Amino acid sequence: MENLGYLFAIYSIVWAVIFGYVFYLYRKQRKLRREMDSLRDSPSKQEPD
Amino acid sequence: MKNGRGKLRDDLLVGMGFALMLAALYMALVYAPTEKYAGAVQRIFYFHVPLAWVGFLAFLVVFIGSILYLWKRSVIWDSIAWASAEVGVVFTSLVLITGSIWAKAAWGIWWTWDARLTATLVLWFVYVAYLMVRGYAREESQGARLSAVLGIVGFINVPIVALAINLWRTQHPTALIFEGGLAPTMLVALLVCVVAFTVLYILLVRQATSLKILESDIENMKNLRLE
Amino acid sequence: MSRMFASVFAIFWKDVLSEIRTKEIVTAVLVFALLVLVIFNFAFDAASGTTARIAPGILWVAFTFAGILGLNRVFAVEKENSSLAGLRLCPVDRMVIFWGKLAGSFTFMLVIAAVITPIFLVLFNLPLFLPRLALIIVLATLGFTSVGTLFSALAMNIRARDIMLPILFLPLVVPVIIGAVETTTCVLAGGPWSDMLTWLEIMIAFDIIYLVVATLMFEFVIEE
């Protein structure tokens, strides 16, 4: 039963990596939403070349 | 954006995914019998194997998405392929990490060049290269097109690599083999875990895909503004 | 059909001529390959008894590295001279460009092999007359160059081109490398054909599959 340490390590790593990816997706979504909103709120902010 | 019914379906999917993962955890840790020789550590198997299968599924989706992108040139297929490659790399990395820790727990060494682990490693490199092509491309459309080619060529390589490495391993066997038989209860537990991870994959890919489509929409909007 | 052959040959001959005139790549790659062989000698202490087991690996690592250097140049040359636009304008099927370039890089690698192999056999005190080894080299080179030419074109226009080529290329040619090493081991040990048969079949299958796939995919890589 001493091997349980390894089992715990595995499950927590799997958890951590997946959760890390979810977090990365979440942060990206926030950033993109903000960009989208700023583009909408300031029409023709860019000058044509 | 999303109508009411779409939102409900999304929430249901997330709820189902959560419930399934809980069930998978139960199956792996409680329901499944303890293996005779390897002990409790063998339960790693119930996460390791589904991660591998779903990783393979992810690359199959990359393959199909790449073909469809080169054919239809729609940003949706490109986004699906890219998202699936991302999630696939995450899952495959986990396969390698869990495989390594399992080897350490069972045999005291961090890595064993057994056929499946080695083939998975080669596969991992192919799809990391896919993501790198995206990153190093000079513009989005180029990245999409070139990585689609890699997505197709890389997937065709999978059976060949698996065959070659398998043959190589049978000719130079190591003392360590990764598998034994499967009792029916173990099979049930494994199947539950496979389903759980598949749903997780679907959830992650859907999320990542919509993000990439959003990114592409923003790019288009920016380009339109500049005109 | 014969027009296609003529076009393929034209592209091939252009590369051969420019290489003969400058001799720039062949000599550099040759010297590099020899160096790799020698350095492996230091790394693995070839004087000891393990030579027979590792010699095939050393040969194929040297080939692989030298091959990557050569493949890097296949399309880099076109990019530097901006001649790819010219090639694209030619009223030829895209795959003609691929086959022309493939012929060039295949010949190039065979030349390198023809020089390196005897030197390798001498350095490691192995028998010199090995026709089966020639077959292995041809099959492996075909596999390397069909994948490598496609990826050379693919990497041509992206950043970090020189390092991306090996990253793209190496995982895919793993079956070729394993097959080459296994068959070479068998040949150096004087084993029978039957021992090598399966690996030869794998290598032949790889070559055929990738020649077809690379030909089909090339037009997507080169479009603009």
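This note covers three chains of a predicted model, taken one topic at a time.

1. **Ground rules.** Residues count from 1 along each chain as its sequence is written, and chains are lettered from A in the order in which they are written. In this predicted model, local features need pLDDT of at least 70, side-chain atom pairs count only at pLDDT 80 or more, and totals for chains, interfaces and linings use all residues.

2. **Chain A: one helix.** Chain A has one helix and zero strands. Both are DSSP runs numbered from the N terminus: helices are H or I with at least four residues, strands E with at least two. Helix α1(A) covers residues 4-41. Its 38 residues should span 56 Å at 1.5 Å a residue, and its end C-alpha atoms are 55 Å apart, which agrees. The expected span is 1.5 Å times one less than the number of residues.

3. **Chain A: burial.** Buried residues are 6% of the 49 in chain A. Buried means that 20 or more other C-beta atoms lie within 10 Å of the residue's own, with C-beta atoms placed from the backbone. In α1(A), the buried residues are A:L7, A:I10 and A:V14. They pack against α2 (45-72) and α3 (75-107) of chain B. An α-helix has 3.6 residues a turn, so residues three or four places apart point the same way.

4. **Which chains touch.** Two pairs of chains touch, and chains B and C make the most contacts. A contact needs C-beta atoms, placed from the backbone, within 7 Å. Chains A and C do not touch; their nearest C-alpha atoms are 24 Å apart.

5. **The B–C contact.** Chain C puts in 23 residues and chain B 26. On the chain C side, α7 (161-172), α8 (174-188) and α9 (193-222) each supply at least two residues. Helix α9(C) gives the most, with eight. That side of chain C has 18 nonpolar, three polar and two charged residues. Here Ala, Val, Leu, Ile, Met, Phe, Trp, Tyr, Cys and Pro are nonpolar, Asp, Glu, Lys and Arg charged, and the others, Gly among them, polar.

6. **A helix pair in chain C.** Helices α2(C) (residues 24-44) and α5(C) (residues 94-123) pack at about 25°, axes 10 Å apart. They are therefore roughly parallel, a term for angles under 35 degrees. The contact between them includes C:V26, C:L30 and C:L37 of α2(C), and C:V111, C:V115 and C:F120 of α5(C). Its residues are 13 nonpolar, no polar and no charged.

Conventions: A residue is buried if 20 or more other C-beta atoms lie within 10 Å of its own, exposed if 12 or fewer, and partly exposed in between; C-beta atoms are placed from the backbone. Axes are lines fitted to C-alpha atoms, for helices over the stretch in contact, and angles run from 0 to 180 degrees between N-to-C directions. Angles under 35 degrees count as roughly parallel, over 145 as roughly antiparallel, 65 to 115 as roughly perpendicular and the rest as oblique.
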